[in-house]
Amino acid sequence: ASKHRNTFIVLIAFFLYIDGVHTIIKLATSFGIDLGFGQTTLIGALVLVQLVAFPSAMFYGWAAKHVGAKLPLLVGVATYTGVTLFAPFIENATQYFIMAVAVGSAQGGVQSLS
């Protein structure tokens, strides 16, 4: 059992952080609706997330080749942590779009490395 300790720790960490990732993805539009944003803003934010996520995934892959996957994953999780701390203070669409860029930057990398 002790020879699989690191694998066990990685799996536990994965289940914890990927649940947070999925929660943010699922609740992003509900959050925007609760803030009173219209359909155009919500769709724009979703498109922005996708546009940022693709190059982010490529960058995280490049970074993982050079420094290993752990550090880029930690950066992605830290970005998601920052998003969750910033979200309660969003008051306008510009801030919502800033959050979308942050989510996209983390989403592409975290999902590609996971």
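Tutor: In this predicted model, helix 3 passes helix 4 in a left-handed crossing. The residues that make this contact can be listed for each partner. Helix 3 contributes Pro-72, Leu-73, Gly-76, Val-77, Thr-79, Tyr-80, Val-83 and Phe-86. Helix 4 contributes Gln-95, Met-99, Ala-102, Val-103, Ser-105, Ala-106, Gln-107, Val-110 and Leu-113. Sorted by class, the contact between the two helices comprises twelve nonpolar residues, five polar residues and no charged ones.

Two packed helices are described by the angle between their axes and the distance between the axes. Here helix 3 (residues 70-86) and helix 4 (residues 93-113) pack at an angle of about 150°, and their axes lie 9 Å apart. Because angles over 145 degrees count as roughly antiparallel, helix 3 is roughly antiparallel to helix 4.

Helix 4 itself can be checked for length. It has 21 residues, and at 1.5 Å a residue these should span 30 Å. The C-alpha atoms at its ends are 30 Å apart, which agrees with that expectation.

Burial along helix 4 comes next. The buried residues of helix 4 are Tyr-96, Met-99, Ala-100, Val-103, Gly-104, Ala-106, Gln-107, Gly-108, Gly-109 and Val-110. Several of these belong to the contact with helix 3 as well, among them Met-99, Val-103, Ala-106, Gln-107 and Val-110. The cover over the buried residues of helix 4 includes helix 3, together with helix 1 (5-34) and helix 2.

Helix 2 (residues 39-67), one of these covering elements, contains Pro-55. With a relative accessible area of 43%, Pro-55 is partly exposed, because that class lies between the cut-offs of 20% and 50%. Pro-55 is 16 residues from Gln-39 in sequence, and their C-alpha atoms are 25 Å apart in space.

The wider setting is as follows. The protein has four helices and zero strands, and its pattern along the sequence is α-α-α-α. Its C-alpha trace spans about 55 × 25 × 20 Å along the principal axes. Of its 114 residues, 30% count as buried. Among contacts between residues at least 6 apart in sequence, 79% join residues at least 24 apart.

Terms used
Residues are numbered from 1 along each chain as its sequence is written. This is a predicted model: local features need pLDDT of at least 70, side-chain atom pairs count only at pLDDT 80 or more; totals for chains, interfaces and linings use all residues. Side-chain values use heavy atoms; hydrogens and water are left out. Axes are lines fitted to C-alpha atoms, for helices over the stretch in contact, and angles run from 0 to 180 degrees between N-to-C directions. Helices (H or I, at least four residues) and strands (E, at least two) are DSSP runs, numbered from the N terminus. Angles under 35 degrees count as roughly parallel, over 145 as roughly antiparallel, 65 to 115 as roughly perpendicular and the rest as oblique. A crossing is left-handed if the near helix is turned anticlockwise from the far one by less than a right angle, and right-handed if clockwise. Contact means heavy atoms within 4.5 Å. Ala, Val, Leu, Ile, Met, Phe, Trp, Tyr, Cys and Pro count as nonpolar, Asp, Glu, Lys and Arg as charged, and the others, Gly among them, as polar. Buried means under 20% relative accessible area, exposed over 50%, partly exposed in between (1.4 Å probe, protein chains only). The expected span of a helix is 1.5 Å times one less than its number of residues.
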